[in-house]
Structure formats: C-alpha cells, structure tokens
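Please look over the sequence and the structure before reading on.

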Amino acid sequence: MSTVVMDADRPAARSEQLAEINQKLDLLAQSIGVLGAQVNYLMERAEAERRRQQMWDDLFADLKPVLNDMYAATEEQLSEMQQFVTLDDILELVKRLARNTRTLNEMLDLLESAHDFVKDASPLTKEMVTEATDRLAELERKGYFGFARQSFYVIDQIVTSFSEEDVKQLGDNIVLILNTVKALTQPQMMTLLNNLTQGFHEAEAEARAGKLDIGYLALLRKMRDPEVRRGLAITLETLRRVSAQSPKG
C-alpha cells in the first residue's frame, strides 16, 4: 500500500521540481538579459569615452604647435621683461591686490554708479548738446563769433601800440577817464554832441552848396539872433572855465 502512495507522489514532486527549475531558468534568462543590456551600455559608454578621448587627442595634436609657439613667445617676452619685473614684484602685486580687495570693490561700486548715472543722464545730455549746438549756430548767424575775432584784433592792436608805461599811466588816470566818460554819456551831453554833429553837417552842407554867407555884414546880422548870441556866450564861458582850470604857465 505504501508503495502505491510513493509512486503517486513522485510525478507531483517532479512537476514541482520542473516548475522550480523553469522559474530559475527564467530568472537566469532575465539576469542574462539585464547583464547583456548593462554590457551593451558599458560598451556604448566605452565607445563614447574612446571617441571623446580621440577628439581631445586630435585637439591637443592640433593645438600643440600653437601652444609651443605661445610658450616660446611668452618665454621671449618674459626674458625681455625680466630686467623690469621679477617674480617678487608679481608676488608683491598679488599681495597688495589681496590686501586692497575691499578698496577695489568700492572702486568698482563707484564705477558702476557712475555708469548708471551716465546711462540715466544720457538722454538729458543729448538734449543739452542739441540745445547748445542750436544756440551756438544762432550766435554764429548773428555774428557774435565774428565780433569776438575782431575784438581780439582790436586787443592785439592796443597791446602792440601801447607800452607798459602807457598802461601804467592809464591805470593812474583810470578814475578820471571813467568820470569823463560818465559825464559824456549823460543825456544832456549826448544831446549836445548830437546837436553839434547835426548842426555841423548842416552848416557844412550849406557851405558846400554856396548858401552860407560869410561876409562881415552877414556875420553882424547873425549877431542880432538871440540863439547865436546865446551860443557864443556859452562857448566863451566854457573856454573861460577851461582856461581857469588849466595850469598857469
């Protein structure tokens, strides 16, 4: 009886063993697949790394002559600068830069602020330049610059025509000169000068035209004119006052 039971259990055990073996084989196949994928990934990475290394090798091969030339030129320049700059000087400069880092930062802040100010003021500056240009063009059109050039010519003539002693005497008498100019520019004096000029031109025109009688009788008849007598009286009184103020010989 027991023999029959054992024979009946053997197929079931074998089926379980086969199922277990198949499961292990599936897991092994999956592991082999994953391992194959990893191997492929590693091979791709190795190929990419090889290509990158080849690229760097090619780049280094291309840059090597250039680097050699740069090194030779740098060495030549350093040999020329050796008498002016030494390694100690460079180290001292680096130390000073390190010690003055805050100062350099403050200077950079100032430069940034100045740059921002110039950037903000640029439109206003353009308007000011445009307005100044228009103003200068208007002054040029009105003749201010031509007048200034001629003024320099006048000043040059004055400087070359008067000596230092003349200028000293001018300074000593500048108050008197200014007072005289002030008196001459009074309305009464300007009116008088204008009347004298106008009267002189009118009389000269009559004399040229032959309408001015210069005979003695004509002069005596003119003496009867109150305005003539008044003018002569003012003239004579003026001459008397001028003579009285002149130094006696």
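Buried residues, meaning those under 20% relative accessible area, with exposed over 50% and partly exposed in between (1.4 Å probe, protein chains only), make up 1% of the 249 residues in the chain. This is a predicted model, in which local features need pLDDT of at least 70 and side-chain atom pairs count only at pLDDT 80 or more, while totals for chains, interfaces and linings use all residues. Residues are numbered from 1 along each chain as its sequence is written, and side-chain values use heavy atoms, with hydrogens and water left out.

The chain has a radius of gyration of 58 Å, whereas a compact globule of 249 residues would have one near 18 Å; the radius is taken over C-alpha atoms, and the globule rule is 2.2 Å times the number of residues to the power 0.38. Along its principal axes, the C-alpha trace spans about 195 × 55 × 40 Å. The chain contains nine helices and zero strands, these being DSSP runs (H or I, at least four residues, for helices; E, at least two, for strands) numbered from the N terminus.

The accessible surface of the chain comes to about 23200 Å², of which 63% belongs to carbon and sulfur atoms, as computed by the Shrake-Rupley method with a 1.4 Å probe, where for residues only the protein chains shown count as cover. A nonpolar patch on this surface is formed by M55, W56, L59, F60, L63, V66, L67 and M70, with about 800 Å² of accessible area together. Patches are made of residues with over 30% relative accessible area and no salt bridge, like charges being joined within 9 Å and nonpolar side chains (Val, Leu, Ile, Met, Phe, Trp, Tyr) within 5 Å.

The structure holds ten salt bridges, each being a side-chain nitrogen of Lys or Arg within 4 Å of a carboxyl oxygen of Asp or Glu.

R51 and E47 both lie in helix α1, four residues apart, which is about one turn of the helix, and E47, R50 and R51 are linked in a network of salt bridges. R51 is exposed, with a relative accessible area of 56%, whereas E47 is partly exposed at 29%.
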